[in-house]
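Please read each numbered point alongside the structure.

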Amino acid sequence: MKYSKSRPQSTQLTLVISMASLAFILALFFQLFVSVKSWGDEIKSQMKVYVYLSDSLETSDFASAITYFKSRPYIGIKYLKPDLEFKSKAQIASEFLKSSQEDYKSLLGEENPFKNCLILGIKEEYKNEASFKQIVAEIQTRPEVYEVTYPNTFIGTILGKMKAVGYVGLVLIIILVLFVYIQLANNIRLHIHGNRVLIKTMQLLGSTNGFIQKPYLLNSLFVGFMGGLIGFILADAAFYYFSTSIPEISSLFFEVSNQVQLVLVCVGFCSLFSLIASFFSISKYLKIQHTNLF
């Protein structure tokens with residue numbers, strides 16, 4: 001079936017550009033999500049509770065203190081063992097000297113100002129500010145504990161900003177999806193109006209809606225595919241440009257699995273969205289009198 005060529009090519013081009021814009025934004029926020037998730041996982045893996053032990057604690061009591069912390073439900077598992085590390089004050093002093101190049105002995109004499117420390121790895125489900133506060137409050141009641149520290153400000157600000165970025169991206173994508181859907185619906189409405197006599201005649205002769213819809217759906221699939229592909233290429237070009245300035249991100253952006261997922265997000269989503277949006281628009285306009293479209 002051939003419809004009239006009343007639809008200008010500029011309208012088709014506009015739809016492809018709109019789809020490409022949607023795909024480009026999707027790609028940007030997908031890569032941002034992947035990067036933030038990777039970075040967030042790395043940050044969370046470094047979130048630990050530092051328990052500084054009192055100098056009055058006898059050597060024989062270290063074992064009982066370690067046994068107590070190993071039994072707590074919030075302690076993570078690393079290499080099939082409780083994620084707990086003991087650092088003596090001498091080891092901490094040595095690491096401080098290497099990192100700062102400052103010798104505390106010249107200021108404080110022979111006295112070591114540092115404390116013996118237990119570094120506690122925390123399970124993922126406890127890595128939030130409320131849980132950290134509960135854990136710290138519990139640990140501080142122990143008589144052998146001198147001080148407890150954890151990244152409290154870091155958790156609240158960083159994780160909050162990560163969520164905010166995700167919400168902004170979601171809102172922007174929804175707005176673009178609605179904009180493209182309106183464009184598709186108006187384009188289909190104009191095309192049906194331009195072929196209303198032919199379509200009405202075909203319906204009277206017994207043509208099914210599926211037969212009438214077929215060329216529209218094929219065209220929408222083409223528009224979605226081309227728009228998604230162009231958006232993917234433009235996004236990859238932008239990522240390549242940024243990776244030349246920041247080489248560290250190239251390994252993340254251009255992994256094979258990442259590129260496959262990006263193609264599916266851009267091309268797959270745009271094609272499917274264009275097809276579904278066109279189907280509902282066509283079904284809507286085929287149910288009304290074509291003389292009442294305007």
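1. A charge sits over a ring if NZ of Lys or CZ of Arg is within 6 Å of the ring centre and within 35 degrees of the ring normal. By this criterion K115 lies over the face of Y146, at 4.4 Å from the ring centre. Likewise, the charged end of R142 is placed over the ring of Y68, 3.8 Å from its centre.

2. On provenance, the model is predicted, with local features requiring pLDDT of at least 70 and side-chain atom pairs counting only at pLDDT 80 or more, while totals for chains, interfaces and linings use all residues. Residues are numbered from 1 along each chain as its sequence is written, and side-chain values use heavy atoms, with hydrogens and water left out.

3. The chain contains ten helices and six strands (DSSP runs numbered from the N terminus: helices are H or I of at least four residues, strands E of at least two). Of its 294 residues, 38% are buried (under 20% relative accessible area, with exposed over 50% and partly exposed in between; 1.4 Å probe, protein chains only). Among contacts (heavy atoms within 4.5 Å) between residues at least 6 apart in sequence, 81% join residues at least 24 apart.

4. Five aromatic pairs are present (rings of Phe, Tyr and Trp, the last by its six-membered ring, with centres within 6.5 Å; planes under 30 degrees apart are stacked, over 60 edge-to-face and the rest tilted). F132 and Y150 form a stacked pair, because their ring centres are 5.4 Å apart and their planes stand at 5 degrees. F132 belongs to helix α5 (residues 129–140) and Y150 to the loop between β6 (145–149) and α6 (152–194), so the pair ties together parts that are 18 residues apart in sequence. Both F132 and Y150 are buried.

5. A further stacked pair joins F269 and F273, since the ring centres are 6.0 Å apart and the planes lie at 0 degrees. Both residues are in helix α10 (residues 256–286), four residues apart, about one turn of the helix. F269 counts as partly exposed at 34% relative accessibility, whereas F273 counts as buried at 13%.

6. Which residues form the nonpolar patch on the surface? They are Y181, I182, L272, I276, F279 and F280, with about 580 Å² of accessible area together (Shrake-Rupley method, 1.4 Å probe; for residues, only the protein chains shown count as cover). Helix α10 gives the most, with four residues. I182 is located in helix α6 and, at 48% relative accessibility, counts as partly exposed. Patch members have over 30% relative accessible area and no salt bridge; like charges are joined within 9 Å, and nonpolar side chains (Val, Leu, Ile, Met, Phe, Trp, Tyr) within 5 Å. A salt bridge is a side-chain nitrogen of Lys or Arg within 4 Å of a carboxyl oxygen of Asp or Glu.
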